[in-house]
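User: I've got a structure to learn my way around. Could you take me through its sheets and cores, one question at a time?

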Amino acid sequence: MDERFMKKAIELAEKGGRNTYRNPRVGAVIVKNNRIIATGYHAKFGEKHAERMAIDHCAHPEELHDSTLYVTLEPCTHYGKQPPCVQAIIDSGIKRVVIGQLDPNPIVAHKGAAILKAHQIDVKMNCLTSEAESLNKHYNYFYRHKKPYIVLKQALSLDGKIAAKPGERTAITGKRANRFVHEERLGYQAILVGSGTVLADNPILLPSENSDYPPIRIIVDRSGKTLHFEAFKLFEHPEPIWIFTRSALQEKAPDHVKIIQTDDFSIPKIVDDIGQQGVQSIYVEGGAQIHHTFLQAHCYEEVITYLAPKLIGGTGLSAFSGNGMIDRETNLTFKSIERIGEDLRIVSERVK
Ligand code: AOF
Ligand code: ZN
């Protein structure tokens with residue numbers, strides 16, 4: 001019975017879609033005598049939490065007394081953009097709380113459940129945990145590992161090339177796959193490329209759809225080759241851009257461009273700096289050298305490969321090209337494969 005109501009809470013949480021941004025998707029269902037008396041979900045970043053929405057939506061608040069709350073994430077205990085949900089639960093008279101997963105966010109972790117118990121509320125933990133966790137894959141990873149979830153995305157010819165030669169823009173995948181990638185970008189908080197990709201492809205690096213929370217476009221550019229703000233299309237769009245560079249600025253950067261001056265270009269350090277800004281996920285779009293250095297540094301969880309039925313041969317640039325070897329112990333396992341238009345989309349995960 002608990003699982004049935006938790007499933008409903010998970011379905012509600014999904015309605016949050018991408019609008020919860022860096023906050024979790026959360027759903028809540030309140031049940032009295034086996035009947036759902038109220039529901040709620042987190043609909044938008046900064047707005048009411050799921051539990052409070054359900055409590056406030058209850059048509060007959062007196063029914064809350066002695067009811068059971070099913071919530072996909074441990075209720076919060078802090079004053080953030082919203083007041084603490086545990087207080088609303090205690091005040092409402094709810095007597096039992098069933099939780100999908102504990103909150104990995106250290107400001108809440110374990111405290112929510114403990115406070116409820118201290119108020120004589122019966123707490124049941126870990127109901128449909130893996131389903132509840134899959135609502136918030138990047139959020140959970142970010143707080144558990146204290147670093148962003150990283151995906152390396154590449155578009156390859158059948159012989160593993162990303163361009164006809166280094167520095168040359170080459171169309172690899174078809175229209176459908178290109179559209180799919182644009183949409184996929186919306187699922188990440190940052191899109192990262194090396195300066196070579198900006199110079200060769202002059203990309204915009206935005207999702208096709210407008211979003212209240214567009215991914216931050218990040219360029220890793222040691223020598224400052226991209227610091228010509230009239231020259232590249234991505235600067236024409238007002239969504240935020242960060243550039244990690246050693247170079248002193250030659251031109252004044254537009255307001256939406258943040259220059260992060262550094263002498264340390266080790267990938268773990270850059271990833272750490274990005275994570276410190278609260279970015280939970282990064283979609284790394286290449287090119288070959290950046291991907292190679294991320295692989296070498298073991299800074300990735302997934303590789304998403306778009307494979308086109310094209311052959312480039314001879315002078316073609318290989319997908320991972322750089323100095324030094326990639327650790328041979330690094331193994332991937334295929335997670336999924338699907339056809340998108342003329343191309344294949346293959347998701348591989350790192351074997352831990
Ligand atoms: C949500 N929605 O339904 C629940 C959350 O800044 P605040 O006040 O919105 O707090 C965000 C934190 O609250 C979030 O990281 C998580 O720990 C907790 N629970 N957050 O956005 C919800 N239940
Ligand atoms: Zn809350």
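Predicted model: local features only at pLDDT ≥ 70, side-chain atom pairs only at ≥ 80, totals over all residues.

User: What is the order of the open sheet of five strands?
Analyst: Strands here are DSSP runs (E, at least two residues; helices are H or I, at least four), numbered from the N terminus. Two strands pair if DSSP finds at least two bridges between them. With mixed pairing, the order is E2-E1-E3-E4-E5.

User: Which residue of E4 is the bridge partner of Leu73?
Analyst: E3 (residues 68-73) and E4 (residues 96-101) pair in the parallel sense, over five bridges. In E4, the partner of Leu73 is Gln101.

User: At about what angle does helix H1 run to E1?
Analyst: Axes are lines fitted to C-alpha atoms, for helices over the stretch in contact, and angles run from 0 to 180 degrees between N-to-C directions. Contact means that C-beta atoms, placed from the backbone, lie within 7 Å. H1 (residues 2-14) lies across E1 (27-32), E2, E3, E4 and E5, and its angle to E1 is about 145°.

User: Why is one side of E11 and of E15 left without a neighbour in the sheet?
Analyst: The open sheet of nine strands runs E11-E10-E9-E8-E12-E6-E13-E16-E15. E11 (257-261) and E15 (332-340) stand at its edges, so each has a single partner strand.

User: Which residue in E12 stands opposite Leu192?
Analyst: E8 (residues 190-194) and E12 (residues 281-284) pair in the parallel sense over three bridges. Opposite Leu192 stands Val284.

User: How many residues does the largest nonpolar core have?
Analyst: A nonpolar core is a set of buried Ala, Val, Leu, Ile, Met, Phe, Trp, Tyr and Cys residues joined through C-beta atoms within 7 Å. Buried means 20 or more other C-beta atoms within 10 Å of a residue's own (exposed is 12 or fewer, partly exposed in between; C-beta atoms are placed from the backbone). Ile150 and Phe294 are among those with the most contacts inside the largest core, whose count is 54 residues.

User: Which strand gives the largest share of this core?
Analyst: The share is six residues, and it comes from strand E6 (residues 149-157).

Note on methods: Residues numbered from 1 in each chain as written. Chains lettered and ligands numbered in written order. Contact = placed C-beta atoms within 7 Å.
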